[in-house]
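Dear colleague,

Please find below the structure that I am handing over to you. My notes on its contents follow directly after it.

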Amino acid sequence: MIYRPDLDDGPPVEERLPTPPPLQIRTASHLAPLRHALAQIDGAAVFDAGGVLRRLGVRLVPSSAAEESVDAFGGTRHTSGRRYSYDDPNATVVAVSEDGPVTVLRHGEVLGRSKVN
């Protein structure tokens with residue numbers, strides 16, 4: 001999941017799905033469909049400053065600089081999230097692994113990580 005506080009689109013990503021409905025994380029009636037979509041779709045979900053879902057199922061495409069400067073971390077999701085956060089320093093990225101760990105990333109750095117089982 002990517003939280004972008006800016007109005008621009010951010011770094012390029014590979015959009016694999018049409019624009020999703022504008023589900024808002026602060027609206028209780030939107031949470032069930034949002035959880036369902038996040039569980040069913042592989043790829044990143046991008047939220048704007050208001051907590052509205054703007055993109056779903058995107059593939060994060062790192063820049064050459066990110067690939068050269070940011071080491072791999074964990075699995076593919078965590079590495080992709082870490083490199084995206086390097087390319088988009090205003091974004092906060094939350095990488096959720098299928099096998100448990102959740103990592104919060106900014107500026108290509110790990111801000112926090114849940115315990116690994």
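**Salt bridges, pockets and surface**

Glu14 counts as partly exposed, because its relative accessibility is 34%. Please bear in mind throughout that this is a predicted model.

Glu14 has a charged partner: Arg59 forms a salt bridge with Glu14, and the closest N and O atoms of the two are 2.9 Å apart. Since Arg59 lies in strand E4 and Glu14 in strand E2, the pair ties together parts that are 45 residues apart in sequence. Arg59, at 40% relative accessibility, is likewise classed as partly exposed.

In total, the structure holds 7 salt bridges.

Which residues form salt bridges with Arg55? One is Asp9, with the closest N and O atoms 3.7 Å apart. This pair links distant parts of the chain, as Asp9 sits in the loop between strand E1 (2-3) and strand E2 (13-14), whereas Arg55 belongs to strand E4, 46 residues apart. Another is Glu15, for which the closest N and O atoms are 3.4 Å apart. Here Arg55 in strand E4 is paired with a residue of the loop between E2 and H1, so parts that are 40 residues apart in sequence are tied together.

Is Arg55 buried or exposed? Arg55 counts as buried, because its relative accessibility is 14% and the limit for buried is under 20%. Its two partners fall into other classes: Asp9 is exposed, with a relative accessible area of 53%, and Glu15 is partly exposed at 46%.

Elsewhere, salt bridges that share partners join Arg4, Asp8 and Asp88 into one network.

I turn next to the pockets. As a general point, rolling a probe the size of a water molecule over the atoms shows where empty space is left.

The largest pocket contains about 590 Å³ of space. Its lining is made up of 26 residues, and those that lie nearest its centre are Asp42, Gly43, Ala44, Arg77 and Val96. Two or more lining residues come from each of helix H1 (28-40), strand E3 (44-47), strand E4 (53-60), helix H3 (76-87) and strand E5 (92-96). H3 gives the largest share of this lining, with 6 residues. By class, the lining of the largest pocket divides into 14 nonpolar, 7 polar and 5 charged residues.

The second largest pocket has a volume of about 200 Å³. What is the make-up of its lining by class? There are 4 nonpolar and 7 charged residues, and no polar ones. The residues that line the second largest pocket are Arg4, Asp6, Leu7, Asp8, Asp9, Val46, Phe47, Asp48, Ala49, Arg54 and Arg55. Both E3 and E4 supply at least two residues of this lining.

With a relative accessible area of 33%, Ala49 is partly exposed. Ala49 and Asp9 are 40 residues apart along the chain, and their C-alpha atoms are separated by 12 Å.

Met1, Leu38, Val96 and Val102 make a nonpolar surface patch of about 260 Å². Among them, Val96 is also one of the residues nearest the centre of the largest pocket. Val102 lies in strand E6 (residues 102-106). Val102 counts as partly exposed because its relative accessibility is 31%.

Finally, the backbone at His107 deserves a mention. Most residues other than glycine have a negative phi. His107 is not a glycine, yet its phi is positive, at about 55°. The residue lies in the loop between E6 and strand E7 (109-113). At 44% relative accessibility, His107 is counted as partly exposed.

With kind regards

How values were computed
Residues numbered from 1 in each chain as written. Predicted model: local features only at pLDDT ≥ 70, side-chain atom pairs only at ≥ 80, totals over all residues. Heavy atoms only, no water. Patch = residues over 30% accessible without salt bridge, like charges linked within 9 Å, V, L, I, M, F, W, Y side chains within 5 Å. Areas by Shrake-Rupley, 256 points an atom, 1.4 Å probe, with all protein chains shown as cover. Salt bridge = Lys/Arg side-chain N within 4 Å of Asp/Glu carboxyl O. Helix = DSSP H or I, 4+ residues; strand = E, 2+ residues; numbered from the N terminus. Buried < 20%, exposed > 50% of the residue type's maximum accessible area, 1.4 Å probe, protein only. 1 Å grid on protein atoms, 1.4 Å probe; cavity = no way out; pocket = protein on both sides within 12 Å on 5 of 7 lines; lining within 4 Å. Points joined across faces, edges and corners; volume = space filled by probe spheres on them. Nonpolar A, V, L, I, M, F, W, Y, C, P; charged D, E, K, R; others polar.
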